[in-house]
Amino acid sequence: MRTGYDLELVHVTKRYGNTIAVRDLSHVFVPGSYVCLLGPSGCGKSSTLRMIAGHEDVSDGSILLDGQDVSNLAPAQRGTAMMFQNYALFPHLSVRDNVAFSLRMKGMDKGARHKKADELLELVDMTHLADRLPAQLSGGQQQRVALARALVTQPKVLLLDEPLSALDPFLRIRMRSELKKLQRELGITFIHVTHGQDEALALADEIVVMNDAVIEQAGPARDVWAAPRTEFVARFIGGHNVLALPEGKVTVRADAVRLAPDGMPATVVAVEYQGASVAVTTRTDSGDEVLALLPEDQFFAAPKSPGEAVTLSWDEGRLHRLLA
């Protein structure tokens, strides 16, 4: 049984006047995977998503879906569907009619489109609210309706533009697990734009880190986290310290740093209790800021306060050399 369709970007560039938003991007997305485009504001990730959707023209290059160049096709003809950040539900239509709207535009009769809409509402656990208006729903419920509406056309690829940003932190965590579960059940490629590292690590089979209009690194979430290629990726993905040592620029993960009797001299700058762990921020004599993420019991066995002198240590095997 086939799972997912091939999606490929071939030397894709997007210009807005003299500004290059996306520069010569080439990437093959793993079919049937959950992909997160991760990066800071203005890095080109949303422009990339909107070009795949057909909401932005491609300045140069091609977008191939299932072997077909879809670069010049209208959004509805591409085999993609997009879920917008603000959900964009029609306030005067019921939940059911919102989900069925694109089928109505295609000329499907009322009975057939309502049947299809009800199937999708059952998938996102919203059947009981099918007759309500969007204003009568919570933010999480509106998101489920927007998701059902995007999926009703049976897209080959679902595109999600920061879909969790409007939700409170607790609901955001719950909804990301539901998104992942849904993607696995459907077996189609999800491409999800986010600037949240935790969100990308929790959701993604593949993380594509973008910076300054290009892809800095792409790969399985664990590989990107454990082996960042560049200083930018190491700093942006979080949890890494970047150090300039005599042998070159390296990273060491915060959870690999210990406070020990011997090692690199430093001064405690801040201490943050995080429950199971304690984040100790230090500054070395050379001015580097180094974070040590210590198990709670280990820290409180010998607690430290800002201003105290400490020495930092780690196993040599935990150092990771950066390529750039």
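## Handedness and basis of the model

A helix crossing is left-handed if the near helix is turned anticlockwise from the far one by less than a right angle, and right-handed if clockwise; in that sense α2 passes α4 in a right-handed crossing. Helices (H or I, at least four residues) and strands (E, at least two) are DSSP runs, numbered from the N terminus.

The model is predicted, and local features need pLDDT of at least 70, side-chain atom pairs count only at pLDDT 80 or more, and totals for chains, interfaces and linings use all residues. Residues are numbered from 1 along each chain as its sequence is written, and side-chain values use heavy atoms, with hydrogens and water left out.

The axes of α2 and α4 lie 7 Å apart at an angle of about 30 degrees (axes are lines fitted to C-alpha atoms, for helices over the stretch in contact, and angles run from 0 to 180 degrees between N-to-C directions). That makes α2 roughly parallel to α4 (angles under 35 degrees count as roughly parallel, over 145 as roughly antiparallel, 65 to 115 as roughly perpendicular and the rest as oblique). V95, N98 and V99 of α2 make the contact with V145, A148 and R149 of α4, where contact means heavy atoms within 4.5 Å.

Helix α2 (residues 95–105) also packs with helix α3 (residues 110–123), at about 125 degrees and with the axes 9 Å apart. α2 is therefore oblique to α3, and their crossing is right-handed. On the α2 side the contact includes V95, V99 and L103, which meet α3 residues including A117, L120 and L121. This contact of α2 with α3 comprises 7 nonpolar, 1 polar and 6 charged residues (Ala, Val, Leu, Ile, Met, Phe, Trp, Tyr, Cys and Pro count as nonpolar, Asp, Glu, Lys and Arg as charged, and the others, Gly among them, as polar).

## Helix α4 with α5

Between α4 and helix α5 (residues 169–186) the angle is about 20 degrees and the axes are 12 Å apart. The two helices α4 and α5 are therefore roughly parallel to each other, and α4 passes α5 in a right-handed crossing. The contact is made by G140, Q143, R144, L147 and L151 of α4 with α5 residues including L171, M175, L179 and L182.

## The largest pocket

The lining of the largest pocket consists of 21 residues, with T80, A81, M82, S102 and T153 nearest its centre. β6 (80–83), α2 and α4 (139–151) each supply at least two lining residues, and β6 gives the most, with 4 residues. The lining has 13 nonpolar, 6 polar and 2 charged residues.

On a 1 Å grid over the protein atoms alone, a cavity is a set of points where a 1.4 Å probe fits but cannot get out, and a pocket is an open set with protein on both sides within 12 Å along at least five of seven lines; lining residues have an atom within 4 Å of a point.
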